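Let's walk through this protein together, one piece at a time.

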Amino acid sequence: MKIVWGIFLGLLSYCAVAASPRLVVLSPNAVEMLFEIGAGDSIIGTVAYADYPEAAKQIPRIGRYDFIDFEAMLLLNPDAVVMDSGSISQMLMNRLEQFGIALIDTKVTQIEKIPERLLQLGRETGHESQASRAAQEFNQTLEALKHQYRNRAVIDVFLQIWPEPLTTSASSWMNEIIQDCGGSNVFSNSVNEYPQVSVEQVLLALPEVIIKPVHGDRSQMDTKWQAWPEIPAVANHQIINIDGDLIYRTGPRVLQGMMQICAIIDTARQQKLHHD
């Protein structure tokens, strides 16, 4: 992918004389990263669903994941656009490249890469020291979680992304979180990242935990797993809801979600050991 850096040197010069560049940020995870390093004030426009922290809700909206009001974006006169090449369509990317505005890509495919993005944004906004602290704290917490849980007895996990059609995740991102918590994603070997599965397939997999990431609409409540008590997760009451934003967004809050998943898996592990 070609990234336009036509005025990147000018952006660096701007940072040297100003408190922070003017940024349009096109992904909620990048908004969270910028606030994490103390650079939230540099955001002059963002997209729908960029709702954390609370201050982010006051930033003007110029689009969503599948639409950008380019006229509104250009009227803001940003020094750079922060985006995630993994979550933006190629069509929108092509349009962005046509404007000659510096593009800062914050794509993350592995949790351990988040500190690198924090440091990158710190350099580009003049918040190097805050970014360095945030990156160090993230690394320390991540390593502590891995050390605590990764080598414990493995628990089989079914991640229910959506109830109808029944959908799970086999993405490397989710596999990494579950594995580092000492779990095994029962559909980790699926060809697609977000495969649709049947109840029969879940019955055959016999997950010991069912984790359901929930958003505001509560639609995850629809699947009535109690009809299949032969599933260990059902029999042992290990069907747990968590805040989906904490594990889907590739930003610093993912560690909060990971902590919850590790605790959920460990509860099932302790219950299993007690029964055995």
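Helices (H or I, at least four residues) and strands (E, at least two) are DSSP runs, numbered from the N terminus. Contact means heavy atoms within 4.5 Å, while axes are lines fitted to C-alpha atoms, for helices over the stretch in contact, with angles from 0 to 180 degrees between N-to-C directions.

A word on the model itself: it is predicted, so local features need pLDDT of at least 70 and side-chain atom pairs count only at pLDDT 80 or more, whereas totals for chains, interfaces and linings use all residues. Residues are numbered from 1 along each chain as its sequence is written, and side-chain values use heavy atoms, with hydrogens and water left out.

Now step back to the whole protein. It has eleven helices and twelve strands. Of its 276 residues, 50% are buried; buried means under 20% relative accessible area, exposed over 50%, and partly exposed in between (1.4 Å probe, protein chains only). Among contacts between residues at least 6 apart in sequence, 64% join residues at least 24 apart.

Strands pair if DSSP finds at least two bridges between them. Look at strand S11 (residues 209-214), which pairs with S12 in the parallel sense over five bridges; here proline 213 stands opposite isoleucine 242 of S12.

What lies inside? In soluble globular proteins, nonpolar side chains tend to be buried together. A nonpolar core is a set of buried Ala, Val, Leu, Ile, Met, Phe, Trp, Tyr and Cys residues joined through side-chain atoms within 4.5 Å. The largest one here has 48 residues, of which Ile177, Met258 and Ile261 touch the most other members. Helix H11 (residues 254-275) gives the most to this core, with eight residues. Leaving aside residues up to four places away in sequence, isoleucine 177 touches Ile111, Ile247, Val254, Met258 and Ile261. A second, separate core has 16 residues, including Val24, Ile62, Ile88 and Leu92.

Next, find the other open sheet, in which four strands are ordered S2-S1-S5-S6 with parallel pairing. Its edges are strand S2 (43-45) and strand S6 (102-105), each with a single partner strand, so one side of each is left without a neighbour in the sheet. Strand S1 (residues 23-25) is joined to S2 by two bridges, and leucine 23 has isoleucine 43 as its bridge partner in S2. Three bridges join S1 to S5, where valine 25 is partnered by valine 82. Four bridges then join S5 to S6, and alanine 80 stands opposite alanine 102 in S6.

In a regular strand the side chains alternate between the two faces of the sheet. In S5, Ala80 and Val82 point one way and Val81 and Met83 the other, and all are buried. Covering this sheet, H2 has seven buried residues out of nine, and these pack against S1, S2, S5 and helix H5 (114-125).

Finally, visit some spots in the loops. Most residues other than glycine have a negative phi, and most peptide bonds are trans. A cis peptide bond joins tyrosine 52 and proline 53, with omega about -5 degrees, and proline 53 sits in the loop between S2 and strand S3 (63-64). Another cis peptide bond joins glutamate 164 and proline 165. Asparagine 77 has a positive phi of about 55 degrees although it is not a glycine; this asparagine 77 counts as exposed, at 54% relative accessibility. Leucine 206 has a positive phi too, near 50 degrees, and is partly exposed with a relative accessible area of 38%.
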